[in-house]
Amino acid sequence: MPARIVIMSNTQNPEEFYKKLQEQLEADTNWPSLYLYKFILPATSSQEKDLVSIFDGLGAVIKTNQSKTGKYKSFSIRVRLKSAGVVIEKYKEVAAKITDVISL
């Protein structure tokens, strides 16, 4: 699985960003495939359970790490998905439900 870094800037049109990402995923990946999501939340966030629940029932393997300063918590979520479209759907769901999340 190739390494991917997904960061959407505040000035970028979300639909254009997701369209380009989906095109790249479709070109580079044979589906179904494992996909690695990386998210960062402030350590004080009360939305950790909400983030994890988005991937419930998918067989996701979730690993967490606290930052050295203790200000942030990172989530690595590895899950087998059936298509690039499902990858995009999950990014959109996280963005809609979780405030202060950083997607990498």
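This is a predicted model: local features need pLDDT of at least 70, side-chain atom pairs count only at pLDDT 80 or more; totals for chains, interfaces and linings use all residues.

1. Residues are numbered from 1 along each chain as its sequence is written, and side-chain values use heavy atoms, with hydrogens and water left out.

2. How many salt bridges does a search of the whole structure find? The search returns four. One of them pairs Glu48 with Lys73, with 3.1 Å between the closest N and O atoms. Glu48 belongs to helix 2 (residues 48–53) and Lys73 to strand 3 (residues 72–81), so this pair ties together parts that are 25 residues apart in sequence. Helices (H or I, at least four residues) and strands (E, at least two) are DSSP runs, numbered from the N terminus.

3. Are the two partners buried or exposed, or something in between? Buried means under 20% relative accessible area, exposed means over 50%, and partly exposed lies in between (1.4 Å probe, protein chains only). On that scale Glu48 is partly exposed at 23%, whereas Lys73 is buried at 18%.

4. Helix 3 (residues 84–97) deserves a look as well, as Lys90 and Glu93 both lie there, three residues apart, about one turn of the helix. Their salt bridge has its closest N and O atoms 3.3 Å apart. Lys90 is buried, with a relative accessible area of 14%, while Glu93 is partly exposed at 24%.

5. Glu93 also forms a salt bridge with Lys97, at 3.1 Å from N to O. These two residues are four apart in helix 3, again about one helical turn. Through shared partners, the salt bridges join Lys90, Glu93 and Lys97 into one network.

6. Finally, a point away from the charged pairs. Gln22 sits in helix 1 (residues 14–28) and is partly exposed, with a relative accessible area of 26%. Which residues does Gln22 contact, leaving aside neighbours within four places in sequence? They are Ala84, Gly85 and Ile88, where contact means heavy atoms within 4.5 Å. Gln22 and Val87 are 65 residues apart in sequence, yet their C-alpha atoms are 8.1 Å apart in space.

Notes
A salt bridge is a side-chain nitrogen of Lys or Arg within 4 Å of a carboxyl oxygen of Asp or Glu.
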